[in-house]
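Hello,

Here is the structure I promised to pass on to you. Have a look at it first, and then read on for what turned up in it.

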Amino acid sequence: MSNVSLDAHDSSGTENQPQDNSRRRFLTVATSVVGGVGVVGAAVPFIGSWNPSVKAKAAGADVEADISKMEPGQQIIVVWRSKPVWIVRRTPELLASLANDEGRLKDPKSEEPQQPDFAQNRYRSLKEEYLVLVGICTHLGCSPKHLKDGEFEEYVEGVPEGFFCPCHGSKFDMAGRVFQNVPAPLNLVVPPYMFVDDNTILIGSEEGAA
C-alpha cells in the first residue's frame with residue numbers, strides 16, 4: 001500500500017512538473033507587468049504635478065479689455081483671477097460730483113492701500129474718465145450692484161449713482177470709496193492695470209512695474 005501510494009505521488013509530481021513551471025512563469029510575468037503598470041500609474045500623477053495646470057496658469061494671467069465701444073455712463077465686466085472687474089466710463093458731470101460728498105466717506109483720500117500708487121487720487125484711476133475696480137465688497141466678499149439714474153439716492157441722499165451691496169448694505173461712490181456708517185471697512189480695490197492703447201486696458205500689470 002505504501003509503495004503504491006509513493007509511486008502515485010511520484011508519478012503525479014513528474015507529470016505535472018512542466019505545467020507547474022509554466023504556471024509559475026505566467027504568474028511571475030503577470031505580477032511583474034501589473035506591478036510595473038502600478039508604478040507607472042502612480043508616477044504619472046506625480047510627474048504631472050511638476051507642471052502647473054492650465055487653471056493655475058490662467059489664475060495669474062493678465063486680461064485685456066476692449067473699451068473701444070464704451071459709451072459715457074456704460075459699465076462692462078471682465079474676469080481677472082476669477083474675480084469680476086468693473087470698468088465704468090464716467091461722464092464729465094459724474095466726475096465733477098465726486099468732490100461733493102467726501103465728508104461722508106470713510107477714506108476720501110484713498111490713504112488705505114486699496115489701490116496702486118497711480119490711483120491714489122480723487123478719481124482713483126489712471127485716466128479720470130475710466131474707473132477700474134474689483135467688484136467685490138470689502139466687508140464679506142459679496143458683489144455690489146451699480147445703481148444709476150437716481151436709484152442710488154434711495155440709499156444715499158443726494159447721490160444719484162453709486163455701488164450698493166445688497167448683502168449688508170455697504171455703499172460706495174463712483175470712485176469706489178466707501179461711505180461712513182456701513183459694514184464695509186475699506187474702499188473697493190483698484191487692481192493693477194495699464195492702457196495698452198486708447199482702446200485697450202491690460203488688467204494685472206501696470207506701466208513701469210518690474
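**What was found**

The chain has three helices and nine strands (both are DSSP runs numbered from the N terminus, helices being H or I with at least four residues and strands E with at least two). Starting at the N terminus, the order of elements is α-α-β-β-β-α-β-β-β-β-β-β.

Before going further, please note that this is a predicted model, in which local features need pLDDT of at least 70 and side-chain atom pairs count only at pLDDT 80 or more, while totals for chains, interfaces and linings use all residues. Residues are numbered from 1 along each chain as its sequence is written, and side-chain values use heavy atoms, with hydrogens and water left out.

On the chain as a whole: 34% of its 210 residues count as buried, meaning under 20% relative accessible area with a 1.4 Å probe, protein chains only. Its accessible surface is about 12,700 Å², and carbon and sulfur atoms account for 55% of that (Shrake-Rupley method, 1.4 Å probe). Of the contacts (heavy atoms within 4.5 Å) between residues at least 6 apart in sequence, 56% join residues at least 24 apart.

Next, the sheet. Three strands make an open, antiparallel sheet in the order β5-β6-β7, where pairing requires that DSSP finds at least two bridges between two strands. At the edges are β5 (145–147) and β7 (171–172), each pairing on one side only. Three antiparallel bridges link β5 with β6 (residues 162–164), and His146 sits opposite Phe163 in β6.

Ala184 lies in the loop between β7 and β8 (193–197) and counts as buried because its relative accessibility is 0%. Beyond its neighbours within four places in sequence, Ala184 contacts Lys106, Cys137, Thr138, His139, Ser170, Phe172 and Val178. Thr138 is 46 residues away from Ala184 in sequence, yet their C-alpha atoms are 5.3 Å apart.

Finally, which residues lie nearest the centre of the largest pocket? They are Leu94, Ser97, Asp101, Val159 and Pro160, out of 14 lining residues. The lining has six nonpolar, three polar and five charged residues (Ala, Val, Leu, Ile, Met, Phe, Trp, Tyr, Cys and Pro count as nonpolar, Asp, Glu, Lys and Arg as charged, the others as polar). The largest pocket holds about 190 Å³ of space. A pocket here is an open set of points on a 1 Å grid where a 1.4 Å probe fits, with protein on both sides within 12 Å along at least five of seven lines; lining residues have an atom within 4 Å of a point. The volume is the space filled by probe spheres set on the points, which are joined across faces, edges and corners.

Best wishes

Technical notes:
Buried < 20%, exposed > 50% of the residue type's maximum accessible area, 1.4 Å probe, protein only.
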